[in-house]
Amino acid sequence: MSEYQLYCFAESGPAYKVAFMLSACKLDWQPIAVDFLNGETRTSEYRTQVNEMGEVPVLVHRGRKLVQSAAILSYLAKETGKFGGRNPQEDYDILSWMLFDNHKFSSNLGTLRFLVVFAKTGETPVTEFLRARVMAALAIVEKHLDTRKFMIGNEPTIADISMCGYLFHPESCGIDFADFHNLERWKADMAQIPGWKMPYDMIARAAPKRS
Ligand SMILES: N[C@@H](CCC(=O)N[C@@H](CS)C(=O)NCC(=O)O)C(=O)O
């Protein structure tokens, strides 16, 4: 058995963040597939035995079940000494951007993507609202990257890895990234990190169920 086990599924942005970090840190890890699309995270078994919050990802390490991608990324940065802040100010900035990411960036993009791509709702007032929120968050990050190579300076940190959650998944939920030149440049830089792979190369997609 690998040193780290990751409860995950391929379509999940938060799971991709953790898989990216594990891979970039060259850690010995294996995926444990969760059947999210068929409701596994809502079962009482999952909530009692894996994660009471009913979410993916969960990272198992030394018998502990670690939850919340930002907390997991911080844990791995401490364990490995990689992709963390170099001083208390950088630690603070990393935490700020990971909270922004979880509240406004990955979360709104992930919910919009779920509705459009998987629930196939079409355009509704909810998707319009989320789309506007995503565009506003993208504009904030675009401006921040005007004067920096990465979110915290010249080196990638877990703040950058966190923000990659849904930016490399190939499905389109109708967001046009063409005007976000800094983001596109930053994404290309993130893809240069050894260990980076596209999401479905990082975590295999489950075979579709036969009905
Ligand atoms: N803030 C959490 C978000 C995790 C999350 O939303 N995971 C989704 C899958 S991508 C999930 O498990 N959702 C279950 C649910 O909302 O019922 C993190 O970053 O780990």
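I count two residues as in contact if their C-beta atoms, placed from the backbone, lie within 7 Å. The model I am reading is predicted.

**Helix 5**

I looked up what lies over the buried residues of helix 5, and the cover includes helix 4 and helix 7 (181-190). The buried residues themselves are Leu 130, Val 134, Ala 137 and Leu 138. I viewed them down the helix axis: they fall within an arc of 105°, so they line one face of helix 5. An α-helix has 3.6 residues a turn, so residues three or four places apart point the same way. On the other side of helix 5 I found Pro 125, Glu 128, Phe 129, Ala 132, Ala 136, Ile 140 and Lys 143 exposed.

I then checked the length. Helix 5 runs over residues 125-144, 20 residues in all, and spans 29 Å from first C-alpha to last, close to the expected 28 Å.

**Domains**

I noted the division of the protein chain: domain 1 is 4-82 + 197-202, and domain 2 is 88-190. Their centres, taken over C-alpha atoms, are 20 Å apart. Domain 1 puts 14 residues into the contact and domain 2 puts in 13. On the domain 1 side, helix 1 (13-24) and helix 3 (69-80) each supply at least two residues. Helix 1 gives the most, with six. I sorted that side by type and got ten nonpolar residues, three polar and one charged.

**Ligand**

I listed the shell around the ligand: 14 residues, the closest being Ser 12, Pro 14, Glu 55, Val 56 and Ser 69. Helix 1, helix 3 and helix 4 (88-118) each give two or more residues to this shell. By type, the shell has five nonpolar residues, eight polar and one charged.

Technical notes:
Residues are numbered from 1 along each chain as its sequence is written. This is a predicted model: local features need pLDDT of at least 70, side-chain atom pairs count only at pLDDT 80 or more; totals for chains, interfaces and linings use all residues. Domain bounds come from an automatic or database domain assignment. Helices (H or I, at least four residues) and strands (E, at least two) are DSSP runs, numbered from the N terminus. Ala, Val, Leu, Ile, Met, Phe, Trp, Tyr, Cys and Pro count as nonpolar, Asp, Glu, Lys and Arg as charged, and the others, Gly among them, as polar. A residue is near a molecule or strand if its C-beta atom, placed from the backbone, lies within 6 Å of it. The expected span of a helix is 1.5 Å times one less than its number of residues. A residue is buried if 20 or more other C-beta atoms lie within 10 Å of its own, exposed if 12 or fewer, and partly exposed in between; C-beta atoms are placed from the backbone. The arc is that of the directions from the helix axis to the C-beta atoms.
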